[in-house]
Amino acid sequence: MTNTTIDTQKQESVFICYGKLNPNSVMGYQYVIVEAGFYNSIQVQEFKDNNEAVFAYLSLGEVNTYSKIYERLKMTFVGKNDNWDSFLLNLDLEKTKTVLSETIDEFIKLGYNGIFFDNLDNFGIHGKQTAQKNSLIAFIKNMKSKYPNHLFIQNAGLEFIDLTYPLIDAVLVESVASCFDFENKTYHLRSEEDFDFRLNQINTIRNQYKTPVLVVEYANSQTRYDSIAERLLPTAIPFFVGAIDLQTQPNFNLIPSYAF
């Protein structure tokens with residue numbers, strides 16, 4: 001153990017919540033990602049007044065029955081994600097791309113700084129929408145061309161980061177230090193070997209593509225949070241820790257600094 005002290009303020013610069021919040025309760029973050037449908041333009045501005053950039057959540061891979069676009073697309077789904085009770089989109093269809101594009105238009109009009117694209121791992125080699133990968137990348141490219149002055153964050157999809165990095169402003173990676181067992185509904189830490197492998201992946205992206213990487217972890221106790229923070233603080237990678245559904249504002253006691 002050395003005497004180096006790491007200031008965590010910069011690392012605790014990411015905030016994510018898909019539940020409805022008081023915008024004035026979220027302050028001082030570089031990246032804020034929220035469920036756009038809960039907020040009007042005045043509330044979006046309140047988020048922006050207190051934080052650097054605010055992103056509207058949008059899954060490019062799936063929707064659930066509560067989504068505003070569910071009814072418009074329900075006859076086009078190509079499968080289901082049972083973990084989240086959501087339905088898989090077909091980006092090969094013009095109708096799907098039109099609905100998603102119009103949704104982004106609405107979010108931009110509300111004043112969001114950019115869009116958070118979720119579920120890109122669905123289009124990787126182990127996902128159920130692998131065959132749609134080219135359509136996905138073409139869609140993101142079109143959105144970046146349409147909104148060159150807005151920001152885009154990609155969630156997962158590391159397999160094709162070589163194709164998307166010119167189109168995005170950051171990439172988010174989930175569960176680097178921790179993992180969630182959907183079958184048993186339990187929170188765990190990854191093995192040291194697994195953690196090191198995932199951390200090396202992230203460092204490769206940061207070094208090779210010069211793309212900011214954000215990490216989201218999941219915990220249900222202060223003890224679990226502390227264990228995750230102990231792993232991530234030495235990396236200097238911005239991270240956020242919340243419950244698996246990201247529906248509430250976490251109340252963990254953030255570690256102000258960590259000595260090594």
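In which loop does Thr76 have its place?

**View 1. Thr76 in its loop.** Thr76 sits in the loop between α2 (70–73) and β6 (80–81). Keep in mind that this is a predicted model, here and in the other views. With a relative accessible area of 12%, Thr76 is buried. Its side chain reaches back to the backbone oxygen of Leu73, at 2.6 Å. Leaving aside residues up to four places away in sequence, Thr76 touches Asn90, Leu93, Lys95 and Thr96.

**View 2. Helix α6 from end to end.** Helix α6 takes in residues 192–209, 18 residues in all. For background, most residues other than glycine have a negative phi.

View 3. Which residues of α6 are buried? They are Phe195, Leu199, Ile202, Ile205 and Tyr209. Looking down the axis of α6, these buried residues fall within an arc of 130 degrees, so they line one face of the helix. On the face of α6 turned away from the buried side you'll find the exposed residues Glu193, Phe197, Asn207 and Gln208. Note that a phenylalanine, Phe197, is among those exposed residues.

**View 4. What covers α6.** Now for the cover over the buried residues of α6.

**View 5. Strand β10 and its partners.** Is β10 enclosed or open? Four of its five residues are buried, so β10 is largely enclosed by the rest of the structure. Strand β9 (residues 151–155) pairs with β10 in the parallel sense, over three bridges. Within that pairing, Ile153 has Ala170 of β10 as its bridge partner.

View 6. Ser175 belongs to the loop between β10 and β11 (178–181). Its phi is near 55 degrees, a positive value in a residue that isn't glycine. Ser175 counts as buried, at 11% relative accessibility. Leu246 lies in the loop between β14 (239–242) and β15 (257–259). Leu246 isn't a glycine either, yet its phi is positive at about 55 degrees. At 5% relative accessibility, Leu246 counts as buried.

**View 7. Cys17 and Cys179.** Is Cys17 buried or exposed? Cys17 is buried, with a relative accessible area of 0%. Cys179, on the other hand, is partly exposed, at 21%; the cut-off for buried is under 20%. As for disulfides, with sulfur atoms required to be within 2.5 Å, the count comes to zero.

Terms used: Residues are numbered from 1 along each chain as its sequence is written. This is a predicted model: local features need pLDDT of at least 70, side-chain atom pairs count only at pLDDT 80 or more; totals for chains, interfaces and linings use all residues. Side-chain values use heavy atoms; hydrogens and water are left out. Helices (H or I, at least four residues) and strands (E, at least two) are DSSP runs, numbered from the N terminus. The expected span of a helix is 1.5 Å times one less than its number of residues. Buried means under 20% relative accessible area, exposed over 50%, partly exposed in between (1.4 Å probe, protein chains only). The arc is that of the directions from the helix axis to the C-beta atoms. Contact means heavy atoms within 4.5 Å. A polar contact is a pair of N or O atoms within 3.5 Å; within protein, one must be able to donate a hydrogen and the other to accept it, and residues adjacent in sequence count only if both atoms are side-chain atoms. Two strands pair if DSSP finds at least two bridges between them.
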